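Biologist: Please take me slowly through one place where two elements pack against each other, and then show me what surrounds it in the rest of the fold.

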Amino acid sequence: MRTEQEMLDLIITFAEQDHRIRGVLMNGSRVNPNIKKDIFQDYDIVYLVTDVEPFKDENYILSHFGEVMLMEKPEDKIFPPPIGDGRYTYLMQFMDGNRIDMQFIHISKVDELIKDSLTKVLLDKDHNIPDIPPPSEQSYLIKKPTEKLYNDCCNSFIWGLGSHIPKTIWRQELPLLMRLIDIVLREPLIQMLEWHIGIKTDYKYSIGKGGRHLKKFLEPEIWNDFEKTYTDANYDNIWNSLFLFHDLFKKTAEHVGQVYGFHFPEEECKRALEFLKHVKELPQDAKSIF
């Protein structure tokens, strides 16, 4: 496996040898001072270029960076749809275990790119890239909720619990049900847990992409409950997890609401839970909900 220094030398040498590349940025976990380094960290690289089009030549790229195990070119795909903002991206997993997520973006967009606080300048040929502070998580720190955000988060969860979920689990539409659980229940719950963590840490930290660092910041008993919301395809287990979702969200949302003087929609939440319980007892051959 090539070392970090070998990879950085390779990345910078590629830019030095091509006059169309005017600068190189690195962002992501490798420039995050709060992330412990490990063997799976990607190299998130942005090449600032005068013209993106020539760098769509896959053979030119691969001839420099080594033997690729797997590659994805998101801008060439229709599933999922591309970003479509003029950039061109290579996601490359190399045979030696290293991975580079490489983007070619026009140099005119540099001011927008350096707004990301986890950005480090590796090369600036023209000395035109504005000075930026040392990389930090500033762009990703937990932000305090507004009352509107809090209300919307509660509404999304309660609506999902009392409308989307009951009909889908009664129909036993497992693929849709599992997808909905993650979207209409887990996402609002993670948001509420994020505010809970922000309150107790004075909003000085980030929970990371997808809540990856939740365990680090949550109280053990809360993490234990959250962990139990992940279940298998057994419907009894799924039902149990739904009630855990309710209890954990309600407890956390009430706490956040109390801190900021926001009103938790107690009545709506109660109605959603009662309806969910009603559907749990509804026979599969029922001709009417009530």
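Modeller: In this predicted model, the axes of helix 8 (residues 235-260) and helix 9 (residues 266-280) come within 11 Å and cross at roughly 175 degrees. Helices (H or I, at least four residues) and strands (E, at least two) are DSSP runs numbered from the N terminus, while axes are lines fitted to C-alpha atoms, for helices over the stretch in contact, with angles from 0 to 180 degrees between N-to-C directions. Helix 8 and helix 9 are therefore roughly antiparallel to each other, a term for angles over 145 degrees. From helix 8, Trp239, Leu242, Phe243, His246, Lys250 and Glu254 take part in the contact, and they meet Glu266, Cys269, Leu273, Leu276, Lys277, Val279 and Lys280 of helix 9, where contact means heavy atoms within 4.5 Å. Sorted by class, this contact has seven nonpolar, one polar and five charged residues; Ala, Val, Leu, Ile, Met, Phe, Trp, Tyr, Cys and Pro count as nonpolar, Asp, Glu, Lys and Arg as charged, and the others, Gly among them, as polar.

Elsewhere in the chain, six strands form an open sheet with mixed pairing, in the order 3-4-5-2-1-6, and two strands count as paired if DSSP finds at least two bridges between them. Strand 3 (68-72) and strand 6 (119-124) are the edge strands, each pairing on one side only, and the twist from one strand to the next averages 20 degrees. Within this sheet, strand 4 (residues 88-94) and strand 5 (residues 99-106) pair in the antiparallel sense over six bridges, and Thr89 stands opposite Gln103 in strand 5. Helix 2 (residues 58-65) packs on the sheet, touching strand 2, strand 3, strand 4 and strand 5, and its direction makes about 40 degrees with that of strand 4. Helix 1 (residues 4-16) lies across strand 1 (21-27), strand 2 (43-49), strand 5 and strand 6, running at about 10 degrees to strand 2.

As for how to read these values, residues are numbered from 1 along each chain as its sequence is written, and side-chain values use heavy atoms, with hydrogens and water left out. Local features need pLDDT of at least 70 and side-chain atom pairs count only at pLDDT 80 or more, whereas totals for chains, interfaces and linings use all residues.

Methods:
Angles under 35 degrees count as roughly parallel, over 145 as roughly antiparallel, 65 to 115 as roughly perpendicular and the rest as oblique.
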